[in-house]
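Reader: I would like to learn how to read a sheet and the helices packed around it. Could you take me through the features one at a time?

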Amino acid sequence: MRAALKNFIAFILFAAFFLPSDLPAASPRKLRAAFTAFAYANPPFWIAKDLRVFEKYGLDVELIYVGGARNMQALIGGSIDFSQAGGASVVSAAAQGAEVVILGTVFKRLIFGVHAAPQIKDVGDLKGKNIAAGTVGGNSYFAGQLFLAKVGLVPNQDVTFRALGGTPEVLSALQHGQVQAGVLSPPSTTIASRMGFRQIFDIANLDLPFPTISVASTRRFAQENPETILNVLRATAEAIYIYKTQPELTLPVVAKYMRVPKDDPALRESYESYGKQLDQNLRTSFEGIKFILDFLAEQRVAVKSKNPADFVDLRFVSKLEDEGFFKRLVTK
């Protein structure tokens, strides 16, 4: 009863500060948006949808799941208007000529750990062994590449680097002895540790701002709908702020999309792991984009000469900065 009362009071405070007293007089703009994974790092769009933050900014958003490469295809084909997607997938598609662009980045770190079988005592023991990560081009895959580069191991020379479907597949491969190390994200890192797979490297501690999760659209849509893009970014930034400051409201939303009980310990653990890394200021760093381009250049040399700035449209975040939106957000 006390918990229910606490949640009710939290909602009243949220409504007083964040929800508009009157919805925009004009009909909300109907849009289709996507997210690419059921993952604990993905709450901004879920919160903006379920807590009506999109509506506050005049947007009637149909939010759908479109995973993997299909997400970029949906953007390019016009079946969705904007997406919360992995920045690496946006850069990779744009490097091949697709008219997609990063508009802002909500998550700027690769929050992964390398967990290994008990016989692996340190990273040097990985020589001649198998290490697994997620799908080629995904965040887990780039995290694995970054790890190997930092410890001086050459993939498919010093170690066999295997790209599997995702975290469940990596954990399963560890369990069955098919690989001796794997790149995992929270809360799977905790599960792996409990199983006896010790973390031998924390990729999250590396100082590389990476466009792990970004807001993306096509250049044409952004050019033709500048105010809509501004409102999408406003709603995204505010959703991040609410996630950080009102977990009583937001964790049930995360539980709904992750399909776990509202008292699942993973919710609080992921909040502690990911919440501090979500950035409501949305500015994208070019350093992480350069890392992606350097990797892509190994397959397509022409990519090496591309400018990281060409993959981001900073006009919208810059405008929100100039009008003081982000500063006002944290003083609410």
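Author: Let us begin with pairing: two strands pair if DSSP finds at least two bridges between them, and the strands themselves (E, at least two residues), like the helices (H or I, at least four residues), are DSSP runs numbered from the N terminus. This is a predicted model, in which local features need pLDDT of at least 70 and side-chain atom pairs count only at pLDDT 80 or more, while totals for chains, interfaces and linings use all residues. Residues are numbered from 1 along each chain as its sequence is written, and side-chain values use heavy atoms, with hydrogens and water left out.

Reader: In which sense do strand 6 and strand 7 pair, and over how many bridges?

Author: Strands of a sheet pair through backbone hydrogen bonds, either parallel or antiparallel. Here strand 6 (residues 130–133) and strand 7 (residues 160–163) are paired in the parallel sense, over four bridges; A133 has A163 as its bridge partner, and A132 has R162.

Reader: Which strands does strand 8 pair with?

Author: Strand 8 (residues 181–184) pairs with strand 6 in the parallel sense over two bridges, and with strand 5 in the antiparallel sense over four bridges. A181 in strand 8 is the bridge partner of I131 and also of A116.

Reader: What is the order of the strands in the open sheet?

Author: The open sheet has five strands in the order 7-6-8-5-9, with mixed pairing. Strand 7 and strand 9 (198–202) stand at the edges; each has a single partner strand, so one side of each is left without a neighbour in the sheet. From one strand to the next, the twist averages 25°.

Reader: What kind of unit do strand 6, helix 6 and strand 7 make?

Author: A crossover is right-handed if, with the strands pointing away from the viewer, the path from the first strand over the helix to the second runs clockwise. Strand 6, helix 6 and strand 7 form a right-handed β-α-β unit.

Reader: Across which strands do helix 6 and helix 7 lie?

Author: Axes are lines fitted to C-alpha atoms, for helices over the stretch in contact (heavy atoms within 4.5 Å), and angles run from 0 to 180 degrees between N-to-C directions. Helix 6 lies across strand 5 (113–116), strand 6, strand 7, strand 8 and strand 9, at about 165° to strand 7. Helix 7 (residues 167–175) lies across strand 5, strand 6 and strand 8, at about 155° to strand 8.

Reader: Is Q145 buried or exposed?

Author: Buried means under 20% relative accessible area, exposed means over 50%, and partly exposed lies in between (1.4 Å probe, protein chains only). Q145, which is found in helix 6 (residues 139–151), counts as buried because its relative accessibility is 12%. Leaving aside neighbours within four places in sequence, Q145 is in contact with P155, F161, F291 and F295. In strand 8 both faces are covered, with A181 and V183 buried on one side and G182 and L184 buried on the other.
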